[in-house]
Amino acid sequence: MFEDHSRLEVLIDALRRLPGIGRKSAQRIAFFLLQRDRDGARLLATALVDAVENIGHCRRCRTFSEESLCRICANPKRDRSLLCVVESPADVVAVEEAGFRGTYFVLMGHLSPLDGIGPEDLQLDSLESLLGEGEVKEVILATGMTVEGEATAHYISEMVKKRNLRATRIAHGVPVGGDLEYVDSGTLSHALTGRREV
Amino acid sequence: MRVEMHPCYVLHQRPYRETSLLIEVLSRDHGRLTLIAKGARRQRSPQRPLLQPLRRLNLAWTLRSELGTLTQAEAADAVPAMSADGILSAFYLNELLMRLLHRHEPHPDLFSAYASILAALSEPAGAEAALRVFEKRLLLGLGYGLVLDHDVESGAALVSESHYFYDLERGPTKTPRPGAQTIPISGVTLNALNRECLEGELQLSEAKKLMRTVLGLHLGAKPLSSRELYRKFISERQRA
């Protein structure tokens, strides 16, 4: 429809890189920005460039951070003896909302041999050296409740146990406000195995 | 083509587009195939927790091309409780099946062999012997069944007390052809593998070596990532 390398075409192609954006939506966004919100477009452009150039990874937990140490890791009030291992920065946000007061290690993925993702891709050596610093006493394995998440948790628990530290796995069960009849049987069976004294 | 609900296992899943999954399936009646599970990654999708490997499911789908579309899914069994070794061995089995099975070729015997090995893997004792038996049945299902009952040169039945050479192209013999690629193996191991009752360290290690070499011929040069992961896991554990 447009000339191949026209600026408009380049913009539409660039917008298609966003998750969930196909050609039609990309075109709609491009037209919207050009017709109605050129200031917004400039803001978006500078914010993107700024973020890409200035956001790196925290050297302790590897989550996204502007500083070499992220806000959580740098906070002296956080309990550094508790380390929660999660798969992604989005998981950090979720666990933070749950009121966790320890610190994190973000794997940026999980072990998945069938996709060719092994321990070296999760930089488990950084986790190893973090454990070696001696501050951490307990590692909470909060990887996903998938087969890959379980495998990852088992693998890391071996690394933790050989240092004589405590490795725990988050419990899984019925969601708050959930009716048992609508809970899937897998979750319910975990909830039954993980039952506790009241 | 419409396929009604029938027993299946998910071998692997990966994200597809924004909200869907591509699942690799081992089905009882239609062999291995790939299905799109539309919307299965949505937050509230009832399929989301179901479409995991290792659990027996009933699936239904429609098939218009190589790629099918999942239409229905339900659990056919509880989630198996597996140890770390069990999960890592299951990764290995799934990788083997994905590497060796052609799509849309039914292997009902292999399906039941897969179901029984998953059950065996949830019990740590005997898991290694069960893996060798599965590999043997897998080779048989693929049409590369091992000769395990007679000397391929002399035709004589295998004697447990004797020692043999397994000629990778033909089978076990006491008198290998010159230049043939062979693996030394004892008669007792060959007989035990044939009767699917391997026991003891010697039999297990000889059977493992034989299976690894024979499977290697079919797998090609690319190493199995699940085997590599298992090796690293064991070395972590031993350092403990």
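**Reading the contact between the chains**

Tutor: Between chain B and chain A there are 6 residue pairs in polar contact, both residues at pLDDT 80 or more. A polar contact is a pair of N or O atoms within 3.5 Å; within protein, one must be able to donate a hydrogen and the other to accept it, and residues adjacent in sequence count only if both atoms are side-chain atoms. This is a predicted model, in which local features need pLDDT of at least 70 and side-chain atom pairs count only at pLDDT 80 or more, while totals for chains, interfaces and linings use all residues. Residues are numbered from 1 along each chain as its sequence is written, chains are lettered from A and ligands numbered from 1 in the order in which they are written, and side-chain values use heavy atoms, with hydrogens and water left out.

Student: Which elements give two or more residues to the side of chain B that touches chain A?

Tutor: Helices (H or I, at least four residues) and strands (E, at least two) are DSSP runs, numbered from the N terminus. In chain B, the elements giving two or more residues to that side are β1 (2–16), α1 (84–100) and α6 (225–239). The largest share, 8 residues, comes from α6(B).

Student: What is the make-up of the side of chain B that touches chain A, by class?

Tutor: Ala, Val, Leu, Ile, Met, Phe, Trp, Tyr, Cys and Pro count as nonpolar, Asp, Glu, Lys and Arg as charged, and the others, Gly among them, as polar. On this side of chain B there are 15 nonpolar, 6 polar and 7 charged residues.

Student: How many residues does the contact take from chain B and from chain A, and what is the area buried between them?

Tutor: Contact means heavy atoms within 4.5 Å. By that criterion, 28 residues come from chain B and 24 residues from chain A. Buried area is the accessible area (1.4 Å probe) that two parts lose on being put together, summed over both. Here that area is about 2,300 Å², with carbon and sulfur atoms giving 67%.

Student: Where in chain B do E196(B) and K136(B) lie?

Tutor: These two residues form a salt bridge, the closest N and O atoms being 3.1 Å apart. The pair links distant parts of the chain: E196(B) is in the loop between α4 (187–195) and α5 (200–219), and K136(B) is in helix α3 (residues 127–142), 60 residues apart.

Student: Is K136(B) buried or exposed?

Tutor: Buried means under 20% relative accessible area, exposed over 50%, and partly exposed in between (1.4 Å probe, protein chains only). K136(B) counts as buried at 14%, whereas E196(B) is partly exposed at 29%. Helix α3 of chain B also holds E135(B), which is buried with a relative accessible area of 1%. Leaving aside neighbours within four places in sequence, E135(B) is in contact with Y92(B), L96(B), M211(B) and L215(B).

Student: How many disulfides does the structure hold over all chains?

Tutor: A disulfide is a covalent bond between the sulfur atoms of two cysteines. The criterion is a pair of cysteine sulfur atoms within 2.5 Å. The structure holds 0 disulfides over all chains. The sulfur of C61(A) has its closest cysteine sulfur in C70(A), 3.7 Å away, which is too far for a bond. C61(A) is buried, at 2% relative accessible area.

Notes
A salt bridge is a side-chain nitrogen of Lys or Arg within 4 Å of a carboxyl oxygen of Asp or Glu.
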